[in-house]
Amino acid sequence: MPSPRRVVRRTFLARPSRAERVYLTQLLRQETVGGALLLVATIAALAWANSPWQDGYASLRDHEIGPAALRLHLPMSDWGGDGLLALFFFVAGLELKRELTVGSLRRPAEALLPIGAALLGMAVPALIYLLFTRGDPVAARGWAIPTATDIAFCLAVLAVVGRALPSALRAFLLTLAVVDDLVAIMIIGLFYASDVDPWLFAGALLPLLAYAGLQRAGIDNWLLLLPLALLAWGLTHAAGVHPTVAAVAVGLLTRVTPRHGQTRGPVERFEHWWRPLSAAVAVPLFALLSVGISVSGDALSAAMDDPAAKGVFVGRLVGKTVGIFGGAYVLTRLTAARLNPDLDWADVFGVAVLAGIGFAVPLLVSDVTFGAGTPRDDRVTVGILATALVAAAAGGLWLRLRHHHYERLYLDENREDGNDEIPADSQRSIGQTDPHSDR
């Protein structure tokens, strides 16, 4: 008789490979620094906009620069969303290309669960937002605002309360943010474009095709690639489509595999060059130009009465948690997968709550929908900031409850990797001796 067929169950949130853990550690360290700078820029913008020099802030945000002949004579606030965030989305495109090719999303069967959870984590907040804004068609146009997760702020919170968070949970959080960013930019391109010029948009495809051809030929010279990327960005903007769409496309067209004796492919090298600039300069400057709103009692009261602001707050805080946690749980059951035995569903819930933190992309969608600096945009910004604060506190405290368990897993991972860089506080809490305690 033939032997019974063995059924191999997939593991949800399995520990990543050693190479993937090293990559995650380096990437998340940069994003953590970027999150700290983003927080500083946010506080600076709020302080400036509510100081005696608030007119100077308004003048800076509304000041127009750029060549009018190229349709690029824009306010500084628009340059923040159209220009600075283009670099952010280019890096997101590189990151997604790597994940789809050699990372955690390369196997469709394994990618199904995190991608499904991410998509449901976008759909549920959007539905909740639409419930709050029903009867107000203008407000309802902002349905995409509560969908995306901000990885920089999430990692800044983890740096404070969860340094020992297992690599599987960090990878899951990163996957959520990467998928969110890609889908969000597709939504912006499809649903928020207006008066699109089809000829200019078709023209934008030509430099993208040239970029892809150079990549396929193994040519990585930035003297050739950068002008093509900028031309695609400019033509996309002139066509009436948000130019960050072109930035993502350039990232996705970049080659992953090295050629002709290269030790690293273009995706890894470009990401190494541009991620620090995106995290430490582009996104903080965007925040400085975007979140300078009044925090007076009247402004907060107006936000509490605005259906769009309320939809963002409840959609992000409740919708993200329900969508991600519920999606992960249901899909795991439907696919007969098993949760990593080192983890618990409480860990997934904590990450889902933390994913309610949204910043750069929600602010961008609000700007595109309602207009930067308009009264409704300011009220929605209050909702975005309030949700980020509550989600950071709730998610951080929840994950902190499992801190001792995470430390044990962290030590196991470091022993497996041969890494001696174990935090002293982790050593003491597990009963080990701090080698510097007697010095």
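Five cavities of 30 Å³ or more are present in the structure, a cavity being a set of points on a 1 Å grid over the protein atoms alone where a 1.4 Å probe fits but cannot get out. The structure is a predicted model, in which local features need pLDDT of at least 70 and side-chain atom pairs count only at pLDDT 80 or more, whereas totals for chains, interfaces and linings use all residues. Residues are numbered from 1 along each chain as its sequence is written, and side-chain values use heavy atoms, with hydrogens and water left out.

Of its 19 lining residues, Glu31, Phe88, Ile151, Arg275 and Ser278 are the closest to its centre; lining residues have an atom within 4 Å of a point. Two or more lining residues come from each of helices H1 (18-49), H3 (76-101), H6 (151-161), H7 and H11 (266-290), helices being DSSP runs (H or I, at least four residues) numbered from the N terminus. H11 provides the largest share, five residues. By class, the lining comprises 12 nonpolar, two polar and five charged residues, with Asp, Glu, Lys and Arg counted as charged, Ala, Val, Leu, Ile, Met, Phe, Trp, Tyr, Cys and Pro as nonpolar, and the others, Gly among them, as polar.

The second largest cavity has a volume of about 60 Å³. Its lining consists of Arg15, Pro166, Ala168, Asn340, Asp342, Leu343, Leu409 and Glu413.

Salt bridges (a side-chain nitrogen of Lys or Arg within 4 Å of a carboxyl oxygen of Asp or Glu) number 10. Arg275 pairs with Glu95 at 2.2 Å, N to O. Arg275 is buried at 3% relative accessibility, as are Glu95 at 6% and Glu271 at 5%, where buried means under 20% relative accessible area, exposed over 50% and partly exposed in between (1.4 Å probe, protein chains only).

A further salt bridge joins Asp136 and Arg376, with the closest N and O atoms 3.4 Å apart. Asp136 lies in the loop between helix H4 (108-132) and helix H5 (137-140) and Arg376 in helix H16 (residues 375-400), so the pair ties together parts 240 residues apart in sequence. Asp136 is partly exposed at 22%, whereas Arg376 is buried at 15%.

Key: 1 Å grid on protein atoms, 1.4 Å probe; cavity = no way out; pocket = protein on both sides within 12 Å on 5 of 7 lines; lining within 4 Å. Points joined across faces, edges and corners; volume = space filled by probe spheres on them.
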